[in-house]
Amino acid sequence: LIDERGFFARTWCEDELDRRGLVSDLKQCSVSWNDVRGTFRGMHYQQRPYGETKIVRCLRGSIFDVVLDLRPDSPTYRKWQGFRLSADDRDAIYIPE
């Protein structure tokens, strides 16, 4: 919702995720900050039984986030997708477990 004061947006909604058939059981919410432009933060690596569903967004500036499938039994094994997320676009990506 955008108006003369700025905007309001939900950052997480259990009902919306459920309607789309996505995991909505939120266990953790984290924020990271990089002081230096071009910093490589790390990978969203998850291995059972420690896998987590993630929602990634950028609150200031912009980031390039990469999702890589390393599950040998997956049809998308070794495939990756890159996403440019920015505070201006207010987009987010959903990364399943």
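What follows is a short chat about this predicted model.

Visitor: Start simple. How many helices and strands does the protein chain have?
Guide: The protein chain contains one helix and six strands.

Visitor: And what pattern do they follow along the sequence?
Guide: The pattern is β-β-α-β-β-β-β, read along the sequence.

Visitor: What does the C-alpha trace span along its principal axes?
Guide: The span is about 50 × 35 × 20 Å.

Visitor: What share of the residues is buried?
Guide: Of the 97 residues in the protein chain, 14% are buried.

Visitor: Which of them gives the largest share?
Guide: Strand 6 does, with three residues.

Visitor: How does the lining of the second largest pocket divide into nonpolar, polar and charged?
Guide: Eight of its residues are nonpolar, one is polar and four are charged.

Visitor: You listed Arg57. Where does arginine 57 lie?
Guide: Arginine 57 is part of strand 3. Its relative accessibility is 30%, so arginine 57 counts as partly exposed. From C-alpha to C-alpha, arginine 57 is 6.3 Å from aspartate 91 in space, while 34 residues separate the two in sequence.

Visitor: Now charges. How many salt bridges does the structure hold?
Guide: There are six salt bridges. One of them joins the side chains of aspartate 3 and arginine 5, at 2.5 Å from N to O.

Visitor: Are those two buried or exposed?
Guide: Aspartate 3 has a relative accessible area of 26%, so this residue is partly exposed. Arginine 5 is exposed, at 70%.

Visitor: Give me another salt bridge.
Guide: Glutamate 52 and lysine 54 form one, with their closest N and O atoms 3.6 Å apart. Glutamate 52 is partly exposed, with a relative accessible area of 32%. Lysine 54 is partly exposed too, at 22%.

Visitor: What about aromatic rings? How many aromatic pairs are there?
Guide: The structure has zero aromatic pairs. A ring does come up in another kind of contact, where the charged end of arginine 90 sits over the ring of phenylalanine 7, 3.6 Å from the ring centre.

Visitor: Where is arginine 90?
Guide: Arginine 90 is in the loop between strand 5 and strand 6. Its relative accessibility is 40%, so arginine 90 counts as partly exposed. Arginine 90 is a residue other than glycine, and its phi is positive, near 60°.

Visitor: Which other residue has a positive phi, about 70°, although it is not a glycine?
Guide: That is arginine 78. Arginine 78 sits in the loop between strand 4 (62-68) and strand 5 (80-86). Its relative accessibility is 63%, so arginine 78 counts as exposed.

Visitor: Last topic. Where does tyrosine 50 lie?
Guide: Tyrosine 50 is in the loop between helix 1 and strand 3.

Visitor: Is tyrosine 50 buried or exposed?
Guide: Tyrosine 50 is exposed, with a relative accessible area of 68%.

Visitor: How far apart are tyrosine 50 and glutamate 97 in sequence and in space?
Guide: They are 47 residues apart in sequence, and their C-alpha atoms are 9.0 Å apart in space.

Key: Residues numbered from 1 in each chain as written. Predicted model: local features only at pLDDT ≥ 70, side-chain atom pairs only at ≥ 80, totals over all residues. Heavy atoms only, no water. Phe/Tyr/Trp six-rings, centres within 6.5 Å; stacked < 30°, edge-to-face > 60°. Lys NZ or Arg CZ within 6 Å of the ring centre and 35° of its normal. Helix = DSSP H or I, 4+ residues; strand = E, 2+ residues; numbered from the N terminus. Nonpolar A, V, L, I, M, F, W, Y, C, P; charged D, E, K, R; others polar. Salt bridge = Lys/Arg side-chain N within 4 Å of Asp/Glu carboxyl O. Buried < 20%, exposed > 50% of the residue type's maximum accessible area, 1.4 Å probe, protein only.
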